[in-house]
Amino acid sequence: MDISFSPEDEAFRAEVRAFLEANLTADLKAKTRAMTSVFLERPTAIAWQKILHTRGWVAPAWPVEYGGTGWTETQKYIFDIEIARAEAPPLIPMGLKMVAPVIMKFGRQDQKDYFLPRTLAGDMYWCQGYSEPGSGSDLASLKTRADSDGEDYVINGSKIWTTHAHYADWIFCLVRTDGSGKPQEGISFLLIDMKTPGISVRPLITMAGDHEVNQVFFDNVRVPKSNRIGEEGKGWTYAKYLLEFERGGSYSTRLKVALDSLRRIAGAETDGGQPLIEDPGFRAKIDAAEIDLLSLEMTEHRIMASLSKGGSPGPESSLLKTCGSETQQRITEIAVEAIAQWGTPFQRGEAAPTGNAPPVGPDYAARVVPHYLNTRAASIYGGSNEVQRNIMAKLVLGL
Ligand SMILES: Cc1cc2nc3c(=O)[nH]c(=O)nc-3n(C[C@H](O)[C@H](O)[C@H](O)COP(=O)(O)OP(=O)(O)OC[C@H]3O[C@@H](n4cnc5c(N)ncnc54)[C@H](O)[C@@H]3O)c2cc1C
């Protein structure tokens with residue numbers, strides 16, 4: 001991939017900037033800047049998705065026939081940079097980046113016609129029902145049962161760590177349709193309306209104080225068999241395909257913004273009267289994080305270049321997930337070190353996007369610890385980094 005920008009690319013960049021200038025409201029920017037967790041709450045994220053939708057820019061990675069933009073990889077990259085730089089809300093990936101590619105590749109035409117346009121428009125909000133109590137890394141051991149009953153399945157069991165289940169209209173779920181053979185062979189992939197009787201959602205509050213994840217319970221939930229993706233018992237294949245998209249994608253554009261913010265904090269905080277950014281030892285930590293970030297960016301370009309020739313992300317997505325999440329965690333760790341004593345007061349309300357109490361200490365400090373705490377989960381969700389290293393050892397290094 002050629003990453004030097006041609007005059008056409010620069011014209012495209014100007015077009016994106018003009019769009020952001022005209023459409024990204026001060027309120028949306030402020031809410032994004034105040035984020036301490038992975039995603040914004042549904043109303044904010046969807047408000048921005050609807051604005052992008054009017055311009056046809058919600059899903060640059062989708063094929064044009066389903067509403068993608070048809071941009072080159074360079075244009076997609078420019079768009080990502082400009083979106084991050086302008087502090088636009090991140091879009092919620094469970095529909096757009098996770099289940100949609102599975103529906104496109106393995107779904108029936110009527111499923112594509114129903115689910116894809118609604119997901120693109122922001123009218124259908126998804127959550128992911130993979131993990132269960134006792135089945136996380138060892139996902140194939142999952143126990144949520146789908147028993148056949150005429151035209152329906154009857155679902156019983158529970159899913160856990162389900163991000164934004166409290167907002168979701170639909171859940172894509174791995175269920176056990178056969179318990180007799182190899183565990184992977186008895187799994188099916190179902191799309192379930194969250195309003196179906198028998199589904200309940202219980203909040204799980206994280207150590208950062210966020211309500212992001214939940215436990216979802218299924219008590220005799222009837223789901224039409226027509227909501228199954230592909231063949232019965234082949235869900236494991238579809239589930240793994242989805243994970244390549246969940247783990248892949250670009251980390252570097254938003255991490256650059258985080259690194260700039262860290263530099264500003266280190267410029268404002270002092271040690272013995274000297275700005276931290278001028279302390280060679282402290283600067284070396286920031287520089288080391290930047291080197292990791294730049295090598296991550298180059299790897300992303302390499303993977304994007306091969307994606308532009310067609311194909312799915314493959315096991316390289318495990319590499320991006322591991323390096324991206326660890327660099328992200330490192331930046332938040334240095335930020336906590338930089339704010340020193342301002343990290344001690346508990347000021348969750350001030351840090352939240354809707355908080356209105358004045359923060360203790362400088363305003364940039366209030367978000368640092370909640371963000372640091374939230375980021376601890378980055379090396380767990382999407383499959384833990386230990387598991388990603390196992391995948392790389394096997395599939396990339398051939399060990
Ligand atoms: C914030 C957050 C959001 C999440 N959102 C969702 C969601 O929306 N939907 C969903 O389905 N799931 C979600 N998850 C669940 C996530 O995918 C699992 O937590 C993850 O796969 C790990 O599984 P586990 O928690 O059961 O830990 P376990 O699998 O019990 O692992 C415990 C520890 O053992 C290590 N370990 C396990 N197996 C191996 C191995 N073979 N080799 C080396 N080390 C190993 C792990 O790395 C980990 O450190 C979320 C999790 C978090 C924290």
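Predicted model: local features only at pLDDT ≥ 70, side-chain atom pairs only at ≥ 80, totals over all residues.
Helix axes here are lines fitted to C-alpha atoms over the stretch in contact, with angles from 0 to 180 degrees between N-to-C directions.

**View 1. Helices H5 and H6 pack against each other at an angle of about 165 degrees.** H5 covers residues 93–106 and H6 covers residues 109–121, and their axes lie 10 Å apart. Angles over 145 degrees count as roughly antiparallel, and H5 and H6 are therefore roughly antiparallel to each other. The crossing in which H5 passes H6 is left-handed. To find the contact, look on H5 for Gly-95, Leu-96, Ala-100, Ile-103 and Met-104, and on H6 for Gln-111, Lys-112, Phe-115, Leu-116 and Thr-119. Sorted by class, the residues of this contact are six nonpolar, three polar and one charged.

**View 2. Helices H8 and H9 form a pair with an angle of about 170 degrees between them.** Here H8 spans residues 252–268, H9 spans residues 280–307, and the axes are 10 Å apart. That angle makes H8 roughly antiparallel to H9. On the H8 side you will meet Ser-252, Leu-255, Lys-256, Leu-259, Leu-262, Arg-263 and Ala-266. Facing them from H9 are Phe-282, Ile-286, Ala-289, Glu-290, Leu-293, Leu-296, Glu-297 and Glu-300. The contact of H8 with H9 has nine nonpolar, one polar and five charged residues.

**View 3. Domain 1 touches domain 2.** The domain assignment of the protein chain places domain 1 at 7–91, domain 2 at 126–235 and domain 3 at 248–396. Taken over C-alpha atoms, the centres of domain 1 and domain 2 are separated by 31 Å. Five residues of domain 1 are in contact with five residues of domain 2. On the domain 1 side of this contact, two residues are nonpolar, two polar and one charged.

**View 4. The ligand lies between domain 2 and domain 3.** Both domain 2 (126–235) and domain 3 (248–396) give residues to the shell around the ligand, which is why the ligand is placed between them. Strand S1 (126–129) supplies at least two residues of this shell, and so does helix H13 (385–396).

**View 5. A closer look at the ligand shell brings in 19 residues.** Coming nearest to the ligand are Tyr-130, Gly-136, Ser-137, Trp-161 and Ser-384. By class, the shell around the ligand divides into eight nonpolar, 10 polar and one charged residues.

Definitions and conventions. Residues numbered from 1 in each chain as written. Helix = DSSP H or I, 4+ residues; strand = E, 2+ residues; numbered from the N terminus. Parallel < 35°, antiparallel > 145°, perpendicular 65-115°, else oblique. Left-handed = near helix turned anticlockwise from the far one by under 90°. Contact = placed C-beta atoms within 7 Å. Nonpolar A, V, L, I, M, F, W, Y, C, P; charged D, E, K, R; others polar. Domains from an automatic or database assignment. Near = placed C-beta within 6 Å.
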